[in-house]
Amino acid sequence: MKKLFLIAMCLLTWTAQAGGNKHQVTVVVKNIKANTGEIRAGLYVSESSFLKQGVYVSQKVTGNDELTLVFDPVEAGVYAVSIYHDENANGELDTWVFGIPAEPYGFSNDAKGSYGPPSFADAQFEVATDQNITITLH
C-alpha cells in the first residue's frame, strides 16, 4: 500500500511539473501622451489570428507616461502583441481616412508595417519563460 501511495505521489508531482509550461508576459507600454481612456492590448498566437482573435487585457491610464499590462497564464509558444491607447474610451481604435489610426498604437518588437500593420512574423516573440517586453506607442 505504501508503494502504491509513493507511486501515486510521484505521478502527481510529475504531472504538476509537466503542466508547468505556464508563464507570465509583462508588457511595459511607453510614450503615453494623454491622461484619459485605457490602454488595450491583444495577445495573438498565429498569423491567421493576428489582430482578429486573441486574449485581451486593458487598463485605465493613470496619468504616467508608462503603464504595465500582464498576460497570465501564457503557455510556451510564439506570440505577438498589439496595443492601442483608446483615448476616448469608446472600445475601438479610431481611424482617419483609409484606416489610418487616429489613436496611438504599437506592436511587440516595436514592429512597423508599411501601408498597414506589421506582419505577425515581424511582431512575434517566443515565450519559454516569463517574458518582459516593452512597446512604444506611436
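Reply: Start with Phe-98. This residue is exposed, with a relative accessible area of 80%. The cut-off for exposed is over 50%, so Phe-98 counts as exposed at its 80%. The model is a predicted one.

Where does Phe-98 lie? Phe-98 sits in the loop between strand 5 and strand 6, and strand 6 covers residues 105-107. Phe-98 is part of a nonpolar patch on the surface. Trp-96, Val-97 and Ile-100 are the other members of that patch. Together the four residues have about 550 Å² of accessible area.

Now set the patch against the whole chain. The chain exposes about 8700 Å². Carbon and sulfur atoms supply 56% of that area. Buried residues make up 33% of the 138 residues.

In soluble globular proteins, nonpolar side chains tend to be buried together.

The largest nonpolar core has 20 residues. Seven of its members touch the most other members: Val-27, Val-29, Ile-39, Phe-71, Val-81, Ile-83 and Phe-125. Strand 1, strand 2, strand 4, strand 5, strand 7 (125-127) and strand 8 (131-136) each supply at least two residues. Strand 4 gives the largest share, 4 residues. A second, separate core has 7 residues, including Ala-80, Phe-107, Ala-111 and Ala-123.

Among contacts between residues at least 6 apart in sequence, 69% join residues at least 24 apart.

Asp-86 lies in strand 5 (residues 77-86) and Arg-40 in strand 2 (residues 38-44). Their side chains meet in a salt bridge, 3.1 Å from N to O. The pair therefore ties together parts that are 46 residues apart in sequence. Asp-86 is buried, with a relative accessible area of 0%. Arg-40 is partly exposed, at 24%.

Arg-40 has another partner. The side chains of Arg-40 and Glu-38 form a salt bridge at 2.7 Å, N to O. Glu-38 is buried, with a relative accessible area of 17%. The cut-off for buried is under 20%, so Glu-38 falls on the buried side at 17%. Shared partners join Glu-38, Arg-40 and Asp-86 into one network of salt bridges.

One more pair deserves a look. Glu-75 forms a salt bridge with Lys-22, and the closest N and O atoms are 3.0 Å apart. Glu-75 is in strand 4 (residues 66-75), while Lys-22 is in strand 1 (residues 22-30). This pair links distant parts of the chain, 53 residues apart. Glu-75 is partly exposed at 47% relative accessibility. Lys-22 is partly exposed too, at 44%. In the whole structure, a search finds 4 salt bridges.

Finally, step back to the layout. The chain holds 2 helices and 8 strands. From the N terminus on, the elements run α-β-β-β-β-β-β-α-β-β.

How values were computed:
Residues numbered from 1 in each chain as written. Predicted model: local features only at pLDDT ≥ 70, side-chain atom pairs only at ≥ 80, totals over all residues. Heavy atoms only, no water. Buried < 20%, exposed > 50% of the residue type's maximum accessible area, 1.4 Å probe, protein only. Core = buried A, V, L, I, M, F, W, Y, C linked by side-chain atoms within 4.5 Å. Patch = residues over 30% accessible without salt bridge, like charges linked within 9 Å, V, L, I, M, F, W, Y side chains within 5 Å. Areas by Shrake-Rupley, 256 points an atom, 1.4 Å probe, with all protein chains shown as cover. Contact = heavy atoms within 4.5 Å.
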